Amino acid sequence: MATGRSHSTGPPAVTQALPAAVFLAGILAALPDRHVSPVAGAVFVHELKREHFQGAFPSIRKNDSEIPPDTPITFHAQLLGYPDLPRWLRYTQRGPYRTGYLYGSPTTKDVGRQLIEVTAYNRHTYETVRQRVIFTVVPSPDAQMPYQAEFFVKNRDVEEVLPADAQKQFQQALDIMLEQKDWSIINITSALDRGGRVPLPIEGRKEGVYIKVGSRRPFSNCLTEAMSSDNQFRCSLEQQPVITCYDSFSPQFRVDWCNITLADLSSLSVKEGVPVWGDGVLEEGSEYNPPTDSPEKAFLSDYLLTILLPLLVAFLLCLLLAYIMYCRREGV
């Protein structure tokens, strides 16, 4: 699990170029730049703490009293010069009184420097505070983990497993269950990002979260048993699969054993250290070449059905209307 290194520097030079009237009006303030260093191939989490931004609002800085703890603050993050975040980075915040998170798992293609601009909004006074977070994605010192497993946790939301304590608790339960201590979390994804539905507002209902772990050792019998044909048949009948190892995740993490994915990347072809997944996503600068060997098909029957049949019906209706208007008149 990689949490990254962080330290602060002086105020960003971009804030010095902003109009002085904006600062005098007390609408916009800026915090020092923050540097973080995610590692490619590992999950990274950066917390946007409300207390860090709350004391920088102009109205609160002018007030010598204590900082009010009930100030609603929301965040907006974007890649500097772009309207959205990089594709590997996500943002989540459950509410204006909760901590915000920037999280994701960069790949080797994302190695380099990226500037993320975070804007905090005070929902009471409409004041804003900005801070630049400088992401320096570094390559992993170790080779990519070829054995990867993804678990679906049904009783947690994504922001509940992003803190370091929750990740450590999940990893300890995994080590005890599989009797291996070389597993590490490499990605965390909300079920809503996988097409899941928002649960009903009932107490105890959670969105669910996917947690992907990786190892350099082959899968244990416990994981392979969960993917056996017998257990897959039991899952099709909406029954729990049978596994021989002890489920150490329960009750903190309710893992859906019918929704486990195992990936063995040791036999995949590797290009520049990145496995070729073949997920249908085009690379940058590439074009889609459609297949040319499509089978021939006769469209005569379709033409007769869509063109001639409506014309024939319209002609018959015209004849019927002409007969009623000219042949059924009074005195004829």
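Analyst: Gladly! Buried means under 20% relative accessible area, exposed means over 50%, and partly exposed lies in between, using a 1.4 Å probe and protein chains only. This is a predicted model, in which local features need pLDDT of at least 70, side-chain atom pairs count only at pLDDT 80 or more, and totals for chains, interfaces and linings use all residues. Residues are numbered from 1 along each chain as its sequence is written, and side-chain values use heavy atoms, with hydrogens and water left out.

User: Why is Tyr126 called exposed?

Analyst: Tyr126 has a relative accessible area of 64%, and exposed is over 50%, so Tyr126 is exposed. Tyr126 sits in the loop between strand S8 (112-122) and strand S9 (128-137). Its phi is positive, about 60°, although Tyr126 is not a glycine. Helices (H or I, at least four residues) and strands (E, at least two) are DSSP runs, numbered from the N terminus.

User: What makes Glu238 exposed rather than buried?

Analyst: The relative accessible area of Glu238 is 77%, and the exposed class is over 50%, so Glu238 counts as exposed. Glu238 lies in the loop between helix H8 (229-236) and strand S13 (261-264). Phi of Glu238 is near 60°, a positive value in a residue other than glycine.

User: Why is Val129 called buried?

Analyst: Val129 has 0% relative accessibility, and buried means under 20%, so Val129 is buried. Val129 lies in strand S9. Contact means heavy atoms within 4.5 Å. Leaving aside neighbours within four places in sequence, Val129 has contacts that include Ala29, Leu31, Phe53 and Val118.

User: What makes a set of residues a nonpolar core, and which residues have the most contacts inside the largest one?

Analyst: A nonpolar core is a set of buried Ala, Val, Leu, Ile, Met, Phe, Trp, Tyr and Cys residues joined through side-chain atoms within 4.5 Å. The largest has 33 residues, and Phe151, Phe170, Val213, Phe249 and Trp257 have the most contacts inside it. Elements giving two or more residues to this core include strand S10 (147-153), helix H6 (164-178) and strand S12 (209-215). H6 gives the most, with 5 residues. This core draws at least three residues from each of domain 1 (29-137) and domain 2 (147-264), bounds that come from an automatic or database domain assignment. A second, separate core of 25 residues includes Leu31, Leu89, Phe135 and Val137.

User: Which residues does Phe249 contact, and what covers the buried residues of H6?

Analyst: Setting aside neighbours within four places in sequence, Phe249 is in contact with Phe170, Ala173, Leu174, Met177, Val255 and Trp257. The buried residues of H6 include Phe170, Ala173, Leu174 and Met177. What covers the buried residues of H6 includes strand S4 (44-48), S10, H5, S11, S12 and H7.

User: How do you know that the span of H9 is close to the expected one?

Analyst: The expected span is 1.5 Å times one less than the number of residues. Helix H9 (residues 300-327) has 28 residues and reaches 38 Å from first to last C-alpha, close to the 40 Å expected.

User: Where does H9 bend, and which residues does the UniProt annotation "transmembrane region" cover?

Analyst: H9 bends by about 30° at Leu308, and Pro310 follows within four residues. The bend is the angle between axes fitted to the seven residues ending at a residue and the seven starting there. In the unreviewed UniProt entry, the "transmembrane region" annotation covers residues 303-326; such annotations may be inferred rather than shown by experiment. Over residues 303-326 the chain is 100% helix and 0% strand.
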